[in-house]
Amino acid sequence: MRTFLKLKLVLLAMAAGSTLFSVPAVFAAEQFFPLLVYRSGPYAPNGIPFANGFVDYFNMINARDGGINGVKITYEECETGYATDRGVECYERLKGKGPTGASVISPLSTGITFALTEKTHTDKIPIITMGYGRSESVDGSVFQWNFPLLGSYWTAADILVQHVGNLNGGLNKLKGKKITLIYHDSPYGKEPIPLLEKRAKMHGFKFSKIPVTHPGVEQKSAWLQVRKNRPDYVFLWGWGIMNSTAIKEAAAVRYPRDKIYGVWWAGAEPDVRPAGAGAKGYQSITLQHSAGKTAVHADILKYVHDKGNGSGPKGDVGHVLYNRGMLNAVVSIEAVRTAQGKFGKKSLTGEQVRWGIENLDLDAKRIKELGIDGMMQPLKVSCSDHEGSRRARIHQWDGNNWNFVSDWIEADNSLLRPMVETAAANYAKDKGITPVTCKS
Amino acid sequence: MFYREAGQFKTSYTADQAAFPIAQDRIFIAIWLFIGFVAVPLLSNEYLFRAIFIPFLILALAALGLNLLVGYCGQVSLGTGAFMAVGAYAAYNFWTRIPGLNPLVAFMLAGGVATIVGILFGIPSLRIKGFYLAVATLAAQFFLDWVFSRIGWFTNYTPSGSIAVPPVELFGFAFASPVSKYLLCLTILVLFAVVAKNIVRGRIGRSWMATRDMDVAAEIIGIRPMYAKLSAFAVSSFFIGVAGALWGFVHLESWEPLAFDINRSFSILFMVIIGGLGSIMGAFLGAAFITVLPLFLNQLPTWIGIEVSTAMISHIEFMIFGALIIFFLAVEPLGMARMWRIGKEKLRLWPFPY
């Protein structure tokens with residue numbers, strides 16, 4: 001009898017719980033976003049602010065505008081720990097949720113992007129890889145569902161080479177210089193290599209590469225090689241704990257920090273703060289934006305953090321990775337908004353959202369309206385160009401803040417495009433995909 | 001009462017030599033096969049197939065292979081991930097370089113390549129034992145990891161070192177849907193389990209067990225340690241190689257060397273230890289424990305409606321998972337297979353235990 005009583009209590013409690021959580025179902029239409037995040041593990045220092053920015057923007061839009069044109073945003077987080085197998089599991093777990101399934105997926109890991117590329121193709125869910133993923137997926141005729149918006153790794157590498165070329169008074173002055181790439185030994189770290197090798201051949205600089213094994217806490221030998229060879233520049237393609245370790249090791253071997261250029265995933269506060277004063281002078285390319293606050297941050301603080309719904313510390317709002325997560329949420333939502341213009345203000349399917357991303361056109365005026373003025377350049381996606389914008393700046397850490405030290409640099413598309421098309425054609429051949437014909 | 005074999009008379013040598021001499025065991029296996037081949041495909045959804053059953057089946061095959069080596073022959077190996085990688089990359093290379101090759105043939109050839117590599121890295125076992133051997137196989141793990149991420153030929157010179165393969169196609173039928181993939185893996189696993197069961201109760205298996213229990217004594221009664229140890233490495237690597245090929249071609253479809261890193265080796269070794277050394281059943285139980293439990297723990301809070309932050313869930317997952325491993329090892333060091341055996345003995349006496 002007593003056990004029955006207990007059971008009854010538990011059931012009652014569960015019933016009460018379920019009614020509590022089913023209250024917010026007042027909105028008619030919902031748009032579901034799966035969030036693949038990593039809030040634990042060696043990449044957590046970078047994964048957490050990104051995820052916070054993402055979630056805060058969603059909450060702000062729900063609180064301020066009541067959703068996207070009245071369609072409420074719902075989301076669910078799933079922890080991947082940056083591990084590919086867990087990422088695939090999370091994708092499978094979340095792809096069918098919400099009234100119309102996942103709208104768009106942002107895996108925040110190049111490895112997971114590789115694993116999901118085929119799966120999203122069959123499931124008809126677009127995949128936004130803002131500043132990461134497969135470089136050749138810029139070619140939308142083959143990679144219909146992949147959108148490496150705002151820049152691929154080839155774009156990043158190209159801009160970095162152009163930048164050091166500018167510093168030397170022209171790309172042809174790079175002849176005989178030594179550039180070393182220290183990279184995370186994964187698809188992510190290997191992505192820029194083809195472009196850097198091509199540029200090295202074109203301009204005659206000596207390119208060498210040093211891999212660092214995941215998770216990247218052991219880099220002594222890599223930096224001893226740097227000390228021995230004394231390259232003119234070091235490009236750092238690291239992520240998570242690997243970045244701060246690299247900067248500390250550079251300080252230990254006295255390699256000048258202002259000769260190190262990180263990719264945009266190696267240029268945020270968690271990368272430089274742990275290295276302390278040793279990080280001063282360190283530079284990295286930005287994914288268009290840097291740290292700092294604009295109008296949209298005021299809204300996030302007002303509608304989310306001041307109500308006590310912020311997902312992280314208030315002080316982190318406006319940090320580099322926070323901003324990146326937020327921008328990722330912005331482009332996802334704007335894509336849905338664009339798609340709503342064609343398909344109506346209701347819950348949209350992944351296929352409809354894909355149309356929205358492909359026809360996404362954020363001009364300077366719209367960017368200002370969104371309150372992200374200065375954080376991104378106009379972005380126009382088309383069927384053949386899934387990247388939308390190929391411009392970036394370099395910023396430098398002065399010990400307390402990130403400051404821009406270069407003007408906008410545009411990647412040389414006449415160099416990148418043939419590489420993209422060749423790689424995409426190879427992929428299409430391997431996979432037996434017939435590329436679609438793009439009108440634009 | 002339930003497991004009493006009284007009244008089951010063996011009237012022929014065939015009956016005496018059957019793989020499962022007790023009728024209850026045969027019924028039990030038949031039920032499991034029915035569940036595997038009929039009930040699961042009918043009742044599962046895509047998530048269960050893709051995220052739970054397919055990885056479970058493939059890792060169970062790998063654990064089975066490793067159990068032959070560690071559990072039956074007593075040779076500790078930390079190179080499982082590497083041998084899986086050999087299988088996956090070999091299958092990829094056979095498949096891309098020989099046009100029109102049947103993927104099943106590619107998988108078997110890949111198993112063959114893994115066998116050769118396994119024997120090669122098994123040679124140190126002739127001289128060294130125990131922890132020292134574990135360290136020697138660790139070398140295989142690091143060396144092969146390095147080979148696949150550094151030598152472009154193995155990945156067909158893909159710039160990022162990541163390989164993508166289309167769905168497996170056999171006799172004009174593409175194994176693209178989760179159910180078909182599941183059934184493919186299950187069929188292969190069942191076939192291999194039957195082979196393993198028969199190897200371990202035959203001459204070869206007995207020579208492995210003799211070597212495991214005391215190699216000097218085994219040598220004295222006429223077992224050649226070189227054949228015993230190297231054949232264990234060969235068979236085990238073949239199983240693991242095929243599992244690796246399936247992991248790449250059927251489960252991931254696109255992979256990088258990191259998919260077969262040292263953590264994979266450890267997790268499969270844990271499956272074998274927790275499941276039960278020297279038991280076919282143990283490989284399945286261990287694989288289920290290691291692959292399914294973390295996912296279950298991860299989703300439990302959402303199911304019962306407790307709102308916990310994502311980071312907290314994954315921390316709790318690690319803590320409970322770790323605690324359970326310790327609990328199982330403390331309560332039953334011989335693994336879950338041993339628990340099952342105890343359960344059977346209890347059932348035999350129930351309801352009149354003495």
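Which domains does the domain assignment of chain A give? Chain A is assigned domain 1 (28–151 + 292–390 + 418–431) and domain 2 (154–286). These bounds come from an automatic or database domain assignment. The model is predicted: local features need pLDDT of at least 70, side-chain atom pairs count only at pLDDT 80 or more, and totals for chains, interfaces and linings use all residues. Residues are numbered from 1 along each chain as its sequence is written, and chains are lettered from A and ligands numbered from 1 in the order in which they are written.

The C-alpha centres of domain 1 and domain 2 of chain A are 27 Å apart. At their contact, 17 residues of domain 1 of chain A meet 18 residues of domain 2 of chain A. Contact here requires C-beta atoms, placed from the backbone, within 7 Å. On the domain 1 side, the elements that give two or more residues are helix H2 (44–65), helix H4 (110–123) and helix H12 (320–343) of chain A. Helices (H or I, at least four residues) and strands (E, at least two) are DSSP runs, numbered from the N terminus. H4(A) gives the largest share of that side, 3 residues. By class, the domain 1 side has 8 nonpolar, 7 polar and 2 charged residues. Ala, Val, Leu, Ile, Met, Phe, Trp, Tyr, Cys and Pro count as nonpolar, Asp, Glu, Lys and Arg as charged, and the others, Gly among them, as polar.

A:Asp398 sits in the loop between strand S13 (394–397) and strand S14 (402–404) of chain A. With 14 other C-beta atoms within 10 Å, A:Asp398 is partly exposed (buried means 20 or more, exposed 12 or fewer, partly exposed in between, with C-beta atoms placed from the backbone). Not counting residues up to four places away in sequence, A:Asp398 touches A:Lys280 and A:Asn403. A:Tyr282 is 116 residues from A:Asp398 in sequence, yet 7.8 Å from it in space, C-alpha to C-alpha.

Between the chains, the contact takes 30 residues from chain A and 24 residues from chain B. On the chain B side, helix H3 (46–72) and helix H13 (310–331) are the elements that give two or more residues. The largest share, 5 residues, comes from H13(B). That side of chain B has 11 nonpolar, 9 polar and 4 charged residues.

Within chain B, helix H5 (residues 103–122) packs on helix H10 (residues 225–252) at an angle of about 140°, with axes 7 Å apart. Their contact has 16 nonpolar, 8 polar and 1 charged residues.

Technical notes:
Contact = placed C-beta atoms within 7 Å. Axes fitted to C-alpha atoms, helices over the stretch in contact; angles between N-to-C directions.
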